[in-house]
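Dear colleague,

Please find the structure below, handed over for your study. My notes on it follow, and I would be grateful if you read them with the structure open beside you.

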Amino acid sequence: MTPLGGYLLVAALVFAIGLAGALTRRNAILVLIGIELMLNAANLNLIAFWRYGPHPEALTGMMFAVFSIAVAAAEAAVGLGLVISIYRHVHTTDLDEMNRMKG
Amino acid sequence: MNLVFYVLAGLTVLGGLAAVLLKNTVHCALALTVAFAGLALLFLELDAQFAGFAQILVYIGAVAILVVFAILLTRGSETPEDGVFSHTWLAGLAVAAAVFAVLGWAVIQSAPALTHESAAPVVTVNQIGNALLGRYVLPLEIVALLLTAALVGAVIVAMHEKEETK
């Protein structure tokens with residue numbers, strides 16, 4: 001196993017864990033946590049390909065990861081704001097109980 | 001593949017598993033912080049110092065705190081009596097396992113094509129700053145706009161609505 005293969009396997013495992021969390025948990029905040037884990041796994045892929053790619057001095061993969069981190073932070077802020085807003089309406093964060101779109 | 005990589009990979013995967021599996025939501029947030037720290041250390045191990053420290057600042061410093069705030073504001077720390085997993089958990093687990101199987105198969109099949117050791121790239125913060133304000137100045141401005149919009153949007157979405165304003 002080459003180092004790049006090892007990092008890619010770890011990223012795949014973290015992505016699968018995040019996906020399982022997002023698909024199986026009932027708490028909306030835990031679903032957001034799963035999505036954050038998936039985004040982080042993608043970042044690890046970007047950095048690993050940058051490090052072992054043919055032109056690491058071009059900085060492309062690292063810049064992609066840094067911008068991805070910024071977008072993920074914006075996503076987390078808006079997502080948690082939405083969860084708090086929904087909680088104020090239906091007084092729960094349980095996704096199984098959120099079965100209507102009317103407020 | 002050295003010992004440091006295995007330790008950090010184990011830390012990250014265990015943190016992620018705990019974040020997804022634990023019953024208490026606050027414990028999940030703490031385990032998530034451990035997973036973020038493991039990923040940041042993996043970035044440092046990959047000679048991406050800037051991305052590693054950005055990961056620590058943004059994720060451990062900001063996102064983890066936001067998650068804890070959201071949990072405490074929504075009484076999400078109370079564990080429901082009828083379990084923490086959705087009733088369709090088996091289907092979700094099957095989808096995740098299938099995705100991991102495909103990804104792992106693809107990585108292992110392409111192992112001969114993956115490059116071996118290469119010299120560590122020397123990247124200074126000076127170079128990153130020049131790249132950000134040179135070649136990547138347009139994405140930087142767009143991200144700045146996006147963060148401003150997200151800040152305003154998150155505040156508006158989470159703001160208290162006045163009861164029956166006239």
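A:L9 is partly exposed, because 18 other C-beta atoms lie within 10 Å and a residue counts as buried only at 20 or more. Please bear in mind throughout that this is a predicted model. A:L9 belongs to helix α1 of chain A, which covers residues 3–24. When its neighbours within four places in sequence are left aside, A:L9 is in contact with B:G104 and B:V107. A:M63 stands 54 residues from A:L9 in sequence, and their C-alpha atoms are 22 Å apart in space.

Is A:A20 buried or exposed? A:A20 counts as buried, because it has 25 C-beta neighbours inside 10 Å. This residue, too, is placed in helix α1 of chain A. Setting aside neighbours within four places in sequence, A:A20 is in contact with B:V20, B:G92, B:L93 and B:A96. Between the C-alpha atoms of A:A20 and A:M38, which are 18 residues apart along the chain, the separation is 10.0 Å.

**Chain B as a whole**

Chain B contains six helices and zero strands, so that its order from the N terminus reads α-α-α-α-α-α. The C-alpha trace of chain B spans about 65 × 45 × 25 Å along its principal axes. Its radius of gyration is 21 Å, whereas a compact globule of 166 residues would have one near 15 Å. Of the 166 residues in chain B, 23% are buried. Among the contacts in chain B with a separation of 6 or more, 54% join residues 24 or more positions apart.

Two packed helices are described by the angle between their axes and the distance between the axes. Helix α1 (residues 3–21) and helix α2 (residues 25–45) of chain B pack at an angle of about 155°, with their axes 7 Å apart. α1(B) is therefore roughly antiparallel to α2(B), since the angle is over 145 degrees. The crossing of α1(B) and α2(B) is left-handed. Residues in this contact include B:V4, B:F5 and B:L8 of α1(B), and B:C28, B:A31 and B:L32 of α2(B). By class, the contact of α1(B) with α2(B) comprises 14 nonpolar, four polar and one charged residues.

**Where the two chains meet**

How many residues of chain B are in contact with chain A? There are 70, and they are in contact with 63 residues of chain A. Helices α1, α2, α3, α4, α5 and α6 of chain B each supply at least two residues of the side that touches chain A. The most come from α3(B), which gives 12 residues. By class, the side of chain B that touches chain A has 53 nonpolar, 15 polar and two charged residues.

Among the residues making the contact are A:F67, A:A70 and A:V71 of α3(A), together with B:P139, B:V143 and B:L146 of α6(B). The contact of α3(A) with α6(B) has 16 nonpolar, three polar and no charged residues.

With kind regards

Terms used:
Residues numbered from 1 in each chain as written. Chains lettered and ligands numbered in written order. Predicted model: local features only at pLDDT ≥ 70, side-chain atom pairs only at ≥ 80, totals over all residues. Helix = DSSP H or I, 4+ residues; strand = E, 2+ residues; numbered from the N terminus. Rg over C-alpha atoms; globule rule 2.2 N^0.38 Å. Buried ≥ 20, exposed ≤ 12 C-beta atoms within 10 Å, placed from the backbone. Contact = placed C-beta atoms within 7 Å. Nonpolar A, V, L, I, M, F, W, Y, C, P; charged D, E, K, R; others polar. Axes fitted to C-alpha atoms, helices over the stretch in contact; angles between N-to-C directions. Parallel < 35°, antiparallel > 145°, perpendicular 65-115°, else oblique. Left-handed = near helix turned anticlockwise from the far one by under 90°.
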